[in-house]
Amino acid sequence: MRTQSIITLEQFIIEKEKSNPEATGGFSQIIRDLMLACRIINREVTKAGLVDILGSLNATNIQGEEVQKLDIYAEKQLIDALRKGGETCAVGSEEQEEIVFLNPKGKYVVLIDPLDGSSNIDVNGSIGTIFSIYKRISKGDQLLPEDYLQKGRNQVAAGYILYGSSTMLIFTTGHGVNAFTLDPSIGEFLLSHSNIRYPDRCNIYSINEGNYRKLFEGVKQYLRFIKTSNEVKKPYSARYVGSLVADFHRNLLKGGIYLYPGTTDKPSGKLRLLYEGNPMAMLAEQAGGMATNGYMEILDIEPTELHQRTPLFLGNKEEVNMIHNFLQVYDQISQLVTNTIGKEKS
Ligand code: P6P
């Protein structure tokens, strides 16, 4: 897992570019653009407690969530860097209701969650930037919905920057998952974990159990099973930071499952498909894991809206399949009950 020789992100990108005969350097430029922005974001995140960058703008974003100043700052850095880099046609962002058109000559479309987990900002919790990169499909000067409403299976790359006890970039281009840790003394991201794979066993479950009463029965029964069944030889640990990037990263390295299911009041759940579900699903699959909405793989969902939500089950493949079994059994039971009641009433 840990590499011996020092390899910088720049060296890694150049090597990958050389090994790809079709590479034009455009994709490499986008990674450089994103990393420039994330270095600047990291600088502000590390001093957020000192500078009056905290506190909300007393504004809410289109999700109806209170916007922290750092959200806006992060998004501006990312969009400015992608615009200057010249390779990005358009950016979709959690903070922007519409797609942001940058350059008709750009060959790529980038979807971002500029600062995921922002409710952790003013409590000094880990937060992250999530990105998802597609090749543009249409050829004309006009961007078309087909360019940014693509299935996650079409992603050319996906990743996140975790602003935690250290600052790390984790990303994949479809050939495994690699992690680069920022060495602040030289300002370089150094390859620190090669070809990350989920451990065989799922040791951790991550869910906001405050939503328990609104969960569907299949998820409730899964949680009861892992917490109380004698069939479970080694107890799970419950870990939930409230930041998808932090919870995903820990579960990837230690073996775990992240659940943000649909609920009785919000059947589509909370998380966004295009800039949370899809990038994390690509990483999970590339690391030998699995990501579904409880019934189908996230990467096969055909998007219809920029900010559409999806239930998310993300982590060890066997654990996700176990959850599917609980969902299927209890969906059948509830259907049976509904049919029986229907017959009795008729
Ligand atoms: P809750 C952050 O707002 C986020 O999108 C994810 O990063 C995180 O896992 C989840 O929502 C937390 O949501 O409802 O548990 O606070």
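Close-up 1. Cys 38 is buried, its relative accessible area being 1%, where buried means under 20% relative accessible area, exposed means over 50% and partly exposed lies in between, with a 1.4 Å probe and protein chains only. Cys 202 is likewise buried, with a relative accessible area of 5%. A search of the whole structure finds zero disulfides, a disulfide being a pair of cysteine sulfur atoms within 2.5 Å. The model is predicted, and for this reason local features need pLDDT of at least 70 and side-chain atom pairs count only at pLDDT 80 or more, while totals for chains, interfaces and linings use all residues. Residues are numbered from 1 along each chain as its sequence is written, and side-chain values use heavy atoms, with hydrogens and water left out.

**Close-up 2. The setting of the views within the whole protein.** The protein has eight helices and 15 strands, which are DSSP runs numbered from the N terminus, helices being H or I runs of at least four residues and strands being E runs of at least two. Its radius of gyration is 21 Å, close to the 20 Å that the globule rule gives for 346 residues, so the protein is as compact as a globular protein of that length; the radius is taken over C-alpha atoms, and the rule is 2.2 Å times the number of residues to the power 0.38. Along its principal axes, the C-alpha trace spans about 65 × 45 × 45 Å, and 54% of the 346 residues count as buried.

**Close-up 3. Helix H6 and the glycine that follows.** Helix H6 covers residues 244-254, and nine of its eleven residues are buried, so this helix is largely enclosed by the rest of the structure. Among the buried residues of H6 are Leu 244, Val 245, Phe 248 and Leu 252, and they also include Asp 247, His 249 and Arg 250. After H6 comes Gly 255, which has a positive phi near 90°.

**Close-up 4. The surroundings of Thr 310.** Thr 310 is placed in the loop that runs between strand S14 (290-292) and strand S15 (312-315), and with 3% relative accessibility it counts as buried. When neighbours within four places in sequence are left aside, Thr 310 is in contact with Tyr 260, Ser 268, Leu 271, Arg 272, Leu 273, Asn 293, Ile 298 and Ile 301, contact meaning heavy atoms within 4.5 Å.

**Close-up 5. Asn 278 in helix H7.** Asn 278 belongs to helix H7, which covers residues 273-286, and its relative accessibility of 0% makes it count as buried. Apart from neighbours within four places in sequence, the residues in contact with Asn 278 include Tyr 134, Gln 150, Gly 152 and Gln 155, together with Leu 273, Ile 298 and Leu 299.

**Close-up 6. Two loop asparagines with positive phi.** Most residues other than glycine have a negative phi. Asn 124, although not a glycine, has a positive phi of about 60°; this residue sits in the loop between strand S5 (108-116) and strand S6 (127-135), where it is exposed, with a relative accessible area of 73%. Asn 195 also has a positive phi, near 50°, and lies in the loop between strand S10 (188-193) and strand S11 (204-206). Asn 195 is partly exposed, with a relative accessible area of 45%.
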